[in-house]
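The following exercises are to be worked through with the sequence and the three-dimensional structure at hand. Each task is followed by a solution in steps.

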Amino acid sequence: MTKIKAFAAQDAESTLGPWNLERRAPGPKDIQIEILYCGVCHSDLHQIRNEWGNSIFPMVPGHEIVGRISKIGSEVKKFKVGELAGVGCLVDSCRKCENCKEGLEQYCLNGSSPTYNGLEQDKKTPTYGGYSKMIVADQDFVLQISDKLPLQNVAPLLCAGITTYSPLRHWNVGKGHKLAVLGLGGLGHMAVKFGVSFGAEVSMLSSSPSKKDDARKLGAHKFVLTSDPEQLKAVQGSFDFIIDTVSAPHDYNEYLGLLRTNGVLVCVGAPPAPAQIYAFNLIGGRKSIAGSLIGGLPETQEMLNYCADHKIVSDVELIDIQDIHRAYDRMLKGDVKYRFVIDIATL
Ligand code: NAP
Ligand code: ZN
Ligand code: ZN
């Protein structure tokens with residue numbers, strides 16, 4: 001065991017602060033990574049405040065982890081000491097169920113092991129995330145990271161990137177499609193970049209008038225201010241897909257009306273309260289509402305390779321770990337441009 005520095009929440013009410021945590025010594029198939037940067041996902045905030053009702057404390061958040069390999073186990077072939085590596089939202093899964101066998105570890109039928117706020121596959125050892133100096137994970141859950149891209153801008157790809165890439169690929173969103181991205185935050189800005197890269201006509205649907213110029217700079221072809229009924233009316237029945245990244249409760253019925261016949265509203269945002277949906281909003285136009293959770297390991301590597309080839313990265317604001325609460329406050333106000341990333345050297 002190695003004792004390392006981390007930042008943890010001790011319960012749902014208190015702020016995060018320094019905490020020492022023990023990582024296992026790398027086993028034969030493990031990789032040990034010295035963490036350089038960790039992205040700040042809105043899921044970190046939902047979970048440290050126990051908004052989903054499943055939080056385990058003390059909690060070390062962080063599942064957008066990039067760093068450099070400092071040790072490898074004796075059976076590791078794919079990675080070398082000194083290389084860059086990443087860990088996303090998962091550190092293990094059963095590897096035996098039909099979903100795991102298909103590379104859909106996020107939907108493991110026996111329960112995958114999230115990078116933090118979860119348990120290892122022994123179902124008793126808690127997992128701790130990337131607001132920490134170092135992590136040890138099985139090689140099959142470690143991602144190869146290109147040295148062609150700026151590392152701090154790569155970190156958010158491990159969650160915000162894959163969470164938007166995966167549903168766009170699953171529903172084959174591309175040329176000839178009209179895609180709407182609802183909510184311009186960490187996930188939203190990646191959805192715009194991927195949507196544009198895949199050839200779709202992308203409209204940004206935002207509650208923040210101040211984000212109009214940024215949406216254009218990110219590549220969005222159109223901007224719709226969701227608080228303006230006239231602007232919403234103008235796009236009724238016009239989108240093939242909506243990817244909904246909003247973190248707070250909102251009315252899905254309003255957005256189902258913006259879909260064309262056979263349109264799909266994909267929820268990736270995970271507001272902490274149930275929503276009411278009127279069946280008629282689906283029936284009229286054979287519309288669907290669907291969900292999507294991050295992505296499996298093979299697809300996450302595919303996404304990282306795609307980003308390296310197409311020079312796609314996240315737009316980030318680098319912060320010291322001591323500023324994490326200021327970052328959370330801004331995130332709650334929708335004031336993120338467009339992902340906070342922690343410089344772990346400040347820990
Ligand atoms: P974020 O950076 O905070 O962005 C969320 C955006 O939603 C905000 O920038 C804002 O955009 C909009 N928004 C926030 N509150 C709103 C409100 N009350 N009404 C309308 N719009 C509001 O968050 P994120 O990190 O992208 O995460 C977004 C959500 O996805 C979170 O719930 C997170 O837990 C979830 N998530 C899910 C997965 C998955 O696998 N499905 C993975 C990661 C994260 P505008 O200013 O443009 O309106
Ligand atoms: Zn996340
Ligand atoms: Zn499984």
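## Exercise 1: A network of charged side chains

In this predicted model, the side chains of R95 and D92 form a salt bridge, with N and O 2.9 Å apart.

**Task.** Determine which residues are linked with R95 in a network of salt bridges, and state where D138 and R95 lie in the chain.

**Solution.** 

Step 1. Begin with the pair already named. A salt bridge requires a side-chain nitrogen of Lys or Arg within 4 Å of a carboxyl oxygen of Asp or Glu; R95 and D92 meet at 2.9 Å.

Step 2. D138 forms a salt bridge with R95, its closest N and O atoms being 3.2 Å apart. D138 belongs to strand β8 (residues 134–138), whereas R95 is in the loop between β6 (90–92) and α2 (98–101); the two residues are 43 residues apart.

Step 3. Classify the accessibility of each member. Residues under 20% relative accessible area are buried; D92 is therefore buried at 14%, and D138 is buried at 12%. R95, at 33%, is partly exposed, as is D140, at 39%.

D92, R95, D138 and D140 are linked in a network of salt bridges. The whole structure contains 15 salt bridges.

## Exercise 2: The zinc site

**Task.** Identify which residues coordinate the zinc ion (ligand 2), and describe how its donor residues are spaced in sequence.

**Solution.** 

Step 1. List the donor atoms. The zinc ion (ligand 2) is coordinated by SG of C41, NE2 of H63 and SG of C159, at 2.0 to 2.3 Å.

Step 2. Read the spacing along the chain, which is C-x21-H-x95-C. H63 is in the loop between α1 (42–48) and β4 (65–72), and C159 is in the loop between α3 (151–154) and α4 (160–170); these two residues are 96 residues apart.

Step 3. Check their accessibility: both H63 and C159 are buried.

## Exercise 3: The surroundings of α4

**Task.** Decide whether α4 is largely enclosed or open, and find which elements its buried residues pack against.

**Solution.** 

Step 1. Count the buried residues. Nine of the eleven residues of α4 are buried, so the helix is largely enclosed by the rest of the structure. Among them are A160, T163, Y165 and L168.

Step 2. Name the neighbours. The buried residues of α4 pack against strands β10 (178–182), β13 (239–244), β14 (259–267) and β17 (339–343), and against helices α5 (186–197) and α10 (297–310).

Step 3. Inspect the end of the helix. Just after α4, N172 adopts a positive phi of about 50°.

Note on methods. Residues are numbered from 1 along each chain as its sequence is written. Chains are lettered from A and ligands numbered from 1 in the order in which they are written. This is a predicted model: local features need pLDDT of at least 70, side-chain atom pairs count only at pLDDT 80 or more; totals for chains, interfaces and linings use all residues. Side-chain values use heavy atoms; hydrogens and water are left out. Donors are N, O and S atoms within 2.8 Å of the metal (3.2 Å for Na, K and Ca); water is not among the atoms, so sites may look incomplete. Helices (H or I, at least four residues) and strands (E, at least two) are DSSP runs, numbered from the N terminus. Buried means under 20% relative accessible area, exposed over 50%, partly exposed in between (1.4 Å probe, protein chains only). Contact means heavy atoms within 4.5 Å.
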